[in-house]
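Work through the following exercises with the sequence and the 3D structure beside you, and try each task before you read its solution.

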Amino acid sequence: MITAGPLIELAGEQWRGVSDGARHFGCDLVCFVGSEMNHPDPHKRRANTVFDLISTNRIDALVVWSTRVGQLVGEGLPEYMSRYAPMPMVSVETTLGQWPTIVMDNRHGMEQAVDHLIEVHGKRRIAFVRGPVSHAGAHDRFRGYMDSLRKHGIPIDPSLVTTHGSFVWDPGTAAEAVRKLIATVEEPPDAIAAANDDYASGVVSALEELGFRTPEDIAVVGYDNHTNVRTHDLGFVTGSPVSWMLRNVNIDAATPAFTTVRAPFHEMGFRAAGLALALVRGEPTPALQTMPTELIVRRSCGCLPSGLGDHAPAHGRLTLSESATASTVADHLRESLGQSSDALPDGWAEQLIVELMAAGRGEVEGAEFLRLLAEYIRASARAGCEAARWWPPLFDLHRFVTTRINDVAVINDLWLRVQLLVGDAFATDARFTYLSNERHDQTIRQAGQRLIASRDVDELTKALTHELPRLGIPGCHVMAYDTPGTARALVRYEDGELKSVPDTPFPAINLTPYPFRRSEPFSALVAPLYTDEEHLGYVIFEEGPELGWMYEAVQQQLSSALRSISLMQELKDARARLEERVGETEAQLRHAQKMEAIGRLTGGIAHDFNNILTVVNGNSEMLLRRTLPDDPRRTAIEDIRHAGERAANLTRQLLAFTRQQVLHPESLDLRENLTKVHSMLRTLVGDHIELEVDLPPTVARVWADAGQVEQILFNLAVNSRDAMPDGGVLRVSVEDARIGAGDTGRIVGVRPGDYVVLRVQDTGAGMAPDVEAQVFEPFFTTKPVGKGTGLGLSTVFGIVQQSGGQIDLTSAPGQGTTVDVYLPVPVEHGGTPGAPYPRRPTTHRGVGTVLLVEDDAQVRTMTRRSLETAGYAVVEAGDGQQALQLATAHRSTIDLVLTDVVMPKMGGPELVRLLRSTGVAPAVIYMSGYTTDEVLDDEVLITKPYAESDLLERVREVLRADH
């Protein structure tokens, strides 16, 4: 099966239908989960490499959910699918060449929904929100809308029909269309039919914004019986313009339960599996098969009680005939509840009829009927029955009784209480669903924390072995790409146990290097493992829980884990090569002086490289702005910009490795941060270790980067865990502290002052003095080969040093280990917390003139051109000494100093200090590709390579603040 993920909501129903059909017909199903082809988001497009794994080596026939994967390519989908010829195919929802196609009756389904608005609720002025122009089913639904209006003699008003939507079912598009429609018509519609439930959610949101209530003022019906909030990224914050548009809709805005048309996705999938098997056997198959839809009546049309006024009945006419007997009505009650009816007492339906008839005749007050109904609804809910399934048969029961009594007023009073009772059941059902989803989410989060923390394949394997049974996934096979077209097996978990894997590469189109068959029909999902930068491999899940989003969540966590493991392996390989080269000088490289030299060397390379990239990216941006969209040179310029952005990303990774990256410190409450990560820390250290967290009632805030503080804590916790293989106690505490002028630690040059100490203690094996002396050196480890990188504590050392803090470690064999991390306390600047070393006061000297100090001529030229184009006067200097002379000559006109940090002769910070010592005190912006030990006071720092727009915005902000 070929489809687009995630397998939730309607996509999950489609997948389940094919899976159930395959199992019913005795076939195996392998579902390849990618993304929409030609998706505008490059990250999503990367997922479609999973389709390259489809081969006749493993696959006999294909079921293609064509609207899921091909909506954005339109007529180009058959050409794409021809790559799998002559493999038999079945297309679902749209035609695919000569192959059989299964569609739903979109036209009649929408006709039923509009019929309901007209016949039951008396609506005559009905608007229609059309779907995407590329979706064939959306066109049929519009035809069904027109069919219903014509059938009832209602003229079609073009002003009540919106234009086609975008290429996706975007609620934002529907909301905007409704706003325009309401603004242009003299009289608002009394009902709106939307082409699907995503659009219906956008309609309701827009109506609420405009002051209309649903369904009291304007009734709404949808289509599909799904709102694809998670499938379409609604509510998630991402960088793509598509997601930004979707978040313009308040999808939680008093949204009622939609009256809609249930799309038979499960039945279509089931039937597709049968046709695929027929093709393999050479049996005749119909070219086109249409599956019926079903009208689902809920509250958005006005049928179910809303508590806000009058409402109409759920059906316009009896499902049962007027001559129906009590026995017939009882059978109908049982059939409506399905298998859940078996959980109720014998004769329950007949008893309800008897009690309601007695109440209708005035023989009893109806209390016993309500008690029994409430009891049966609760019992059926425990058996898995949705409360909504009670409504249609109860309505028919009500109509059956009212036709057989004289005083309808008596039964109507009781009927109102029945509606309230069923409404309460709806609310309870919704709360249960919410809590159930929250429980599943929590399980996934806990599993993900352990997977992502894996440092090598062994840890990843152990994490999967522990977490997969909790998630109900019976089998998982993780494959990593080796060379193009080949892969290696990393994890083989099946039948609840871990199995060995071959160590040799194999053709990836074989999916696994070992037999992948079961004695019974099975269903599996193949999902890609990838990041923005590279394809890592793929994972095969053997089908377990029905919650399809679980698989996507684990897939994403495995991608993160594999990326981390890959980076760790690269570090291990680098260490091995380094050890091979240095030989006898290894001991010297472990000294702290060498560690700092390596960091400075790496930072210097990054600095020079960022200078080059600043020129490349800045000029390409400038050229793009001056180039027309149809200019033939524009593609080449965009390629240059893209390559520059990729190179900049590589530089950031290099700086992150050496801990020379730009930090983003802020005022933090360590107690709050520790509370947030407590559950993650609990999972990380394991159940064999007792975790104690001591948080005092009050403690000073610290000035640090929140993400780096968590990194410190996790690295220290992992080292403590590894030191206690047989269990022990891990204590984490915080307290206020003060470092005096005579206090020492592992970091020299730490300023005296107020700090908060984060203390991590364990009862592990402890360290000998010679080990303790080298513990913070890079690549030093006491673990067996392949079990550690030796970078954990050196990373902590680098973060603390860069944060302006102190670190100390005490340990002894058999006495455990204590690590104290001192983080500085922020200083108040005008009521706002800031860096512990406040900016010296400055005075404003004018507006518009920038002193540009940069030793790289190309960067200086490009930056000067950008500033002058934006209207600034520029005085430029090639180093700090020249800048000092120019500043003296122009001391009354310079408003801003824009200077590199590291330059020959005189660096930026020294220049600024000398300027201010002479009374010249303009605003300052530093430029650098990495941070240094220089104290930059409280000045602004912009990192290279920077975009021209970012630079100009920063200059404007600083000058505005200085005024």
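The exercises below concern a predicted model, and they treat a sheet, one of its strands and a helix.

**Exercise 1.** Determine in what order the strands of the open sheet of 5 strands follow one another, and which strands form its edges.

*Solution.* Begin with the pairing, which is parallel, and read off the order S28-S27-S29-S30-S31. Next look for strands that pair on one side only: these are S28 (873–877) and S31 (940–943), which are therefore the edge strands by the pairing rule of at least two bridges. Finally, follow the sheet from one strand to the next, where the twist averages 20°.

**Exercise 2.** Describe how strand S29 is joined to strand S27 and to strand S30.

*Solution.* Take S27 (residues 849–853) to begin with: 4 bridges join S27 to S29, and the two run parallel. Within this pairing, valine 850 has leucine 896 of S29 as its bridge partner. Then turn to S30 (residues 923–928), which pairs with S29 in the parallel sense over 5 bridges. Here the bridge partner of valine 897 is valine 924, and threonine 899 stands opposite tyrosine 926.

**Exercise 3.** Is strand S29 buried or exposed, and which residues point each way from it?

*Solution.* A residue is called buried when its relative accessible area is under 20%. Sort the residues by direction: Leu896, Leu898 and Asp900 point one way from S29, while Val897 and Thr899 point the other way, and all are buried. Because 5 of the 5 residues of S29 (residues 896–900) are buried, the strand is largely enclosed by the rest of the structure. Among the elements that touch S29 is helix H29 (residues 948–962), which packs on the sheet, also touches S30 and S31, and has a direction that makes about 175° with that of S31.

**Exercise 4.** Examine helix H16 (residues 457–471): what is its span, and what is found at its N-terminal end and just after it?

*Solution.* H16 has 15 residues and reaches 20 Å from its first C-alpha to its last, which is close to the 21 Å expected at 1.5 Å a residue. At the N-terminal end, aspartate 456 caps H16, with a side-chain oxygen 3.2 Å from the backbone nitrogen of aspartate 458. Just after the helix, glycine 472 takes a positive phi of about 80°. Along H16 itself, the buried residues include Leu460, Ala463, Leu464, Glu467 and Leu471. In an α-helix there are 3.6 residues a turn, so residues three or four places apart point the same way.

How values were computed. Residues are numbered from 1 along each chain as its sequence is written. This is a predicted model: local features need pLDDT of at least 70, side-chain atom pairs count only at pLDDT 80 or more; totals for chains, interfaces and linings use all residues. Side-chain values use heavy atoms; hydrogens and water are left out. Buried means under 20% relative accessible area, exposed over 50%, partly exposed in between (1.4 Å probe, protein chains only). The expected span of a helix is 1.5 Å times one less than its number of residues. A polar contact is a pair of N or O atoms within 3.5 Å; within protein, one must be able to donate a hydrogen and the other to accept it, and residues adjacent in sequence count only if both atoms are side-chain atoms. Axes are lines fitted to C-alpha atoms, for helices over the stretch in contact, and angles run from 0 to 180 degrees between N-to-C directions. Contact means heavy atoms within 4.5 Å.
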